[in-house]
Amino acid sequence: MGTGGAEALVAGMARAGGEFGWHSAVASGGGHRAEALRALGVPTFTVPVARRKATGVLRATTAAKAAVRSFRPEVVLAHNVSASLVARLAVLPRRVPLLTVFHGVADADYEGAARILRRTSRTVVAVADATAERLRAAGVTDPVVIPNAVFPQRERVDRDAVRAVHGVGPDVPVALCPARLVPQKRHDVLLEAWARLGGDAVLWLAGDGPLRPDLAHLAADLGVEDRVAFLGNRCDVPDLLAAADLTVLTSDWEGMPVAVLESLTAGRPVVATDVDGVRQALAGGGGVVVPRRDPAATAEALRSLLFDERARSALGQAGRASVRRAHDPALLMRSYDELLRTAVGGERV
């Protein structure tokens, strides 16, 4: 429950659930979002992340069983595959209905994911149309599509103040990449694109992960270390979005990235790879899609926006309108409310 799109969705749903008569608890590996929910009175339970290891699954299942005994849920909503496996093992003796929100996996992992989900989950929710199609092809029957949404967050610090903290002047173009430093996100492609870009611009990498040392070395090898800032894990993304000029994401795959939706909500245009949920999120406007693993195309798209305020403004307005139409959090909550109540026979959840 730290940085990440699925984590943002869980936190938003837990906060908004009271409006729909939900009494929610969150079981997770902990993090700043779990701490914030606890401060709001939402029950939270610590369950270690399984990480695809038998010993990890056993430890996580033991903790999840304790959470289930304590909270006694009428329905469990698990996010992604390993959480679904752990949750199924935890609720099996109590016959509690289990639903899964599937945020996506790499292309090669769909068949394995489908095998697990067929055995664990009564209903599988896909966060994008393309993700649902891949699940069907892998053997998951009738996944339900509920596109992700962005729950309102206000920036707390103004644009110039955030830039001053990071040593960036008010007129310097800034691109923000809010993503964990893991292989999926392909920061290496982004850094190579940044080296091609040139000009007086700064790249903020908001997120952390095991690839940080390698990426720092790559930035130095490419000669862009002075134009790239590794910001680490952040809990102030709205502030960073307010201070940046655009968002960039060069992932190999995505479900429905909340980072893209947050950028559109903030009126910031997006440059992102043309993959599954990204394509759907930007279908209504607000950004430019580029081929995967193509630093030259990424650099050209960044150049076309970073140094053209009018183009950024037009895309920003289109993105705001698009996200209001297609990614309304009230619509998302109504869809989940209907799904959960159906799972428990129409009772209060």
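Me: Which strands make up the open sheet of 4 strands, and in what order?
Reply: In this predicted model, the open sheet of 4 strands runs in the order β3-β4-β5-β6, and the pairing is parallel.

Me: And which strands stand at the edges there?
Reply: The edges are taken by β3 and β6 (144-145), each of which has a single partner strand, so one side of each is left without a neighbour in the sheet.

Me: How many bridges hold β3 and β4 together, and what's the partner of L77?
Reply: Strand β3 (residues 76-79) pairs with β4 in the parallel sense over 4 bridges, and within β4 the bridge partner of L77 is L99.

Me: What about β4 and β5, how many bridges there?
Reply: There are 4 bridges joining β4 to strand β5 (residues 123-126), and the two run parallel; on the β5 side, V124 is the bridge partner of T100.

Me: Is β4 mostly covered or mostly open?
Reply: Strand β4 (residues 98-102) is mostly covered, with 5 of its 5 residues buried.

Me: Which helices lie across β4?
Reply: Helix α4 (residues 81-91) lies across β3 and β4 and runs at about 150° to β3, while helix α5 (residues 110-120) lies across β4 and β5 and runs at about 160° to β4.

Me: At what angle do α4 and α5 pack?
Reply: They pack at an angle of about 30°, and their axes are 10 Å apart. That angle makes α4 roughly parallel to α5, and α4 passes α5 in a left-handed crossing.

Me: Which residues make that contact?
Reply: From α4 the contact uses V81, S84, L85 and R88, and from α5 it uses A113, I116, L117, R119 and T120. Sorted by class, the contact of α4 with α5 has 5 nonpolar, 2 polar and 2 charged residues.

Me: Moving on to α6, which residues are buried there?
Reply: In helix α6 (residues 129-138) the buried residues are A130, T131, A132, L135 and A138, and what covers them includes β4, α5, β5, β6 and α12 (276-281).

Me: What's going on with the backbone just after α6?
Reply: Just after α6, G139 takes a positive phi of about 110°.

Me: OK, new topic: what is the order in the sheet of 6 strands?
Reply: That open sheet has the order β9-β8-β7-β10-β11-β12, again described by parallel pairing. Its edge strands are β9 (228-232) and β12 (287-290), each with a single partner strand, so one side of each is left without a neighbour in the sheet. On average, neighbouring strands of this sheet are turned by 20° against each other, direction ignored.

Me: Which helix packs on it, touching β7, β8, β9 and β10?
Reply: The helix touching those strands is α8, whose direction makes about 170° with that of β8.

Me: Are the residues of β7 buried or exposed?
Reply: Strand β7 (residues 174-178) is mostly covered, since the model has 5 of its 5 residues buried. V174, L176 and P178 point one way from β7 and A175 and C177 the other way, and all are buried.

Me: How many bridges join β7 to β8?
Reply: There are 5 bridges joining β7 to strand β8 (residues 202-206), the two running parallel, and W204 in β8 is the bridge partner of L176.

Me: And how many between β10 and β11?
Reply: Strand β10 (residues 246-249) is joined to strand β11 (residues 270-273) by 3 bridges, and they run parallel; V248 stands opposite V271 in β11.

Me: Back to α8, how do its axis and that of α13 cross?
Reply: The axes of helix α8 (residues 187-197) and helix α13 (residues 295-306) come within 8 Å and cross at roughly 55°. The two helices are therefore oblique to each other, and α8 passes α13 in a right-handed crossing.

Me: Which residues meet there?
Reply: On the α8 side they are V189, L190, E192, A193, W194, R196 and L197, and these meet P295, A296, T298, A299, L302, R303 and L306 in α13. By class, this contact of α8 with α13 has 10 nonpolar, 1 polar and 3 charged residues.

Me: Last one: where is S313 found?
Reply: S313 is found in helix α14 (residues 309-326) and is partly exposed, with a relative accessible area of 37%. The C-alpha atoms of S313 and D245 are separated by 9.5 Å, although the two residues are 68 residues apart along the chain.

How values were computed
Residues are numbered from 1 along each chain as its sequence is written. This is a predicted model: local features need pLDDT of at least 70, side-chain atom pairs count only at pLDDT 80 or more; totals for chains, interfaces and linings use all residues. Side-chain values use heavy atoms; hydrogens and water are left out. Axes are lines fitted to C-alpha atoms, for helices over the stretch in contact, and angles run from 0 to 180 degrees between N-to-C directions. Angles under 35 degrees count as roughly parallel, over 145 as roughly antiparallel, 65 to 115 as roughly perpendicular and the rest as oblique. A crossing is left-handed if the near helix is turned anticlockwise from the far one by less than a right angle, and right-handed if clockwise. Contact means heavy atoms within 4.5 Å. Ala, Val, Leu, Ile, Met, Phe, Trp, Tyr, Cys and Pro count as nonpolar, Asp, Glu, Lys and Arg as charged, and the others, Gly among them, as polar. Buried means under 20% relative accessible area, exposed over 50%, partly exposed in between (1.4 Å probe, protein chains only). Two strands pair if DSSP finds at least two bridges between them.
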